[in-house]
Amino acid sequence: MTPHAGTLEIVGAALFALAVIHTFSTGYFERLAHTRTAHSGVWHLLGEVETVFGFWAFVLLIFMALAYGWGHASAYLDSRHFVEPIFVFVIMVIAASKPIMQLASDCVRSAGRLLPARPTVAGYFLSLSFVPLLGSLITEPAAMTLAALMLRDRVFATNASNRLKYATLGVLFVNVSIGGVLTNFAAPPILMVAAKWEWTSGFMLATFGAKAALAVLINALVLTLLFRRELSERAESPAQTMEARVPAAFVAVNLAILAGVVFTNHLPEAFVGLLLLFLGLAEAYRRHHNRLLLREGLMVAFFLAGLVVLGGQQRWWLQDVLSRLDESSLFYGAAALTAITDNAALTYLGSLIEGVSDEYKYSLVAGAVAGGGLTVIANAPNPAGFAILKDHFKDQAINPFGLFLAAMPPTLVGILCFRGYKGAVSEIVDWDLWAQWFASLDRSFLFLLILPFVVAAVGLWAEFSRREDTRPDSE
């Protein structure tokens, strides 16, 4: 039975919409930080994408406490599950450590020697293909962390063009979302439904495996070919410095800790204990570690925790929408909905609907996975990549609309690979089908769906206008 909307649910949906608008407006707050220096700290805080959902989650909790009492707000917090934010923090810190990065870099370098391309180009291709597919074993957050760090050193820290940076970011986000579906434990949207629907890793490999691998390889190969000249000229392989290598035994110990975290991904008591063991070893053997990504990991966890708090108030309209879509409309609707909500929350809400067909299950998950790279909130690992790479963009900020545009082509490739097997590919341009889908939507939901794109378009127009105003007159 679909939940009804009360005052709290409506306020929660309104705050969620404001958070989405805020996500697309962080550049405005960053400009305020430079022009209104009296309160630059506050503007910088509001300009950090990782703080957006946490900030509005606090607003929701304050409203709950004032309107219904602190007991109600506390009970609501107790009803939320924060395992995923904690897990992403833990896996991000461990996967980004020097021993794990050394092992991953060695694997990519060895595989690159087998490819008929220059080492810089081969390494770029493998960072966008092999590493995201590896996410099916080490989990998507770990794959995102490893790939983002490799690409940061190979591309983003060099004199690469903005086109290359945004195109790389779009393919990275999409490929990580798609590349983790070869098993039933690595991708957050799969975890939400695997137990209830009895989806084993064998089922995932047989049903999604070939299509996911094909989409990942096509996206990485096309992008590598398009930018191969710039990659050869500007991108660099990680420098072979005189820095001492981590001993193999210590790498093995850290790899065992990482494997233990992946194996216990549902047990926070276990993987947090393993994190403490890792931190103890890192303190004891500082010479084998660089700076740990503790701050970045905590910011990402804060973002995801805020999404969990705000997302709990969206069930009343999301589940209603999902329950009224047919199998074909559901696939495209799920892909579109991921732009404004986490795809794991989407598949979880869909799993609450009883008596659905196998086609419904496939369409919901495939659509949610295909659209997981469109925005920073679309997939849980995205904020990790965002936090690692954002400092290498202009003004240390990633334009959300630029990310959306860059992620659209690889998203369409994912849609073609997943949908081409289950239905006619021509339905993507069947305008009657799209018209029927939009006609079936509630006006309130349609407003929430369109709102971020309108805000992004206005923000892009404002950015272009600002650049025109500040551009020096050419003689």
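Predicted model: local features only at pLDDT ≥ 70, side-chain atom pairs only at ≥ 80, totals over all residues.
I began with how α11 and α13 lie: they are roughly antiparallel to each other, since an angle over 145 degrees counts as such. Helix α11 (residues 162-179) and helix α13 (residues 201-226) pack at about 165°, axes 9 Å apart. Angles run from 0 to 180 degrees between N-to-C directions, and axes are fitted to C-alpha atoms over the stretch in contact. Helices here are DSSP runs (H or I, at least four residues), numbered from the N terminus.

Residues are numbered from 1 along each chain, and side-chain values use heavy atoms, without hydrogens and water.

Next I looked up who touches whom (contact: heavy atoms within 4.5 Å). On the α11 side I found Val 171 and Asn 175, among others, meeting α13 residues including Ala 212 and Leu 223. That contact divides into nine nonpolar, four polar and no charged residues, with Gly counted as polar and Tyr as nonpolar.

Then I turned to α20 (residues 343-351) and α21 (residues 358-370), whose axes come within 9 Å and cross at roughly 170°. They are therefore roughly antiparallel too. Leu 346 and Gly 350 are among the α20 residues that meet α21, where Tyr 360 and Leu 364 are included.

Conventions: Helix = DSSP H or I, 4+ residues; strand = E, 2+ residues; numbered from the N terminus. Parallel < 35°, antiparallel > 145°, perpendicular 65-115°, else oblique.
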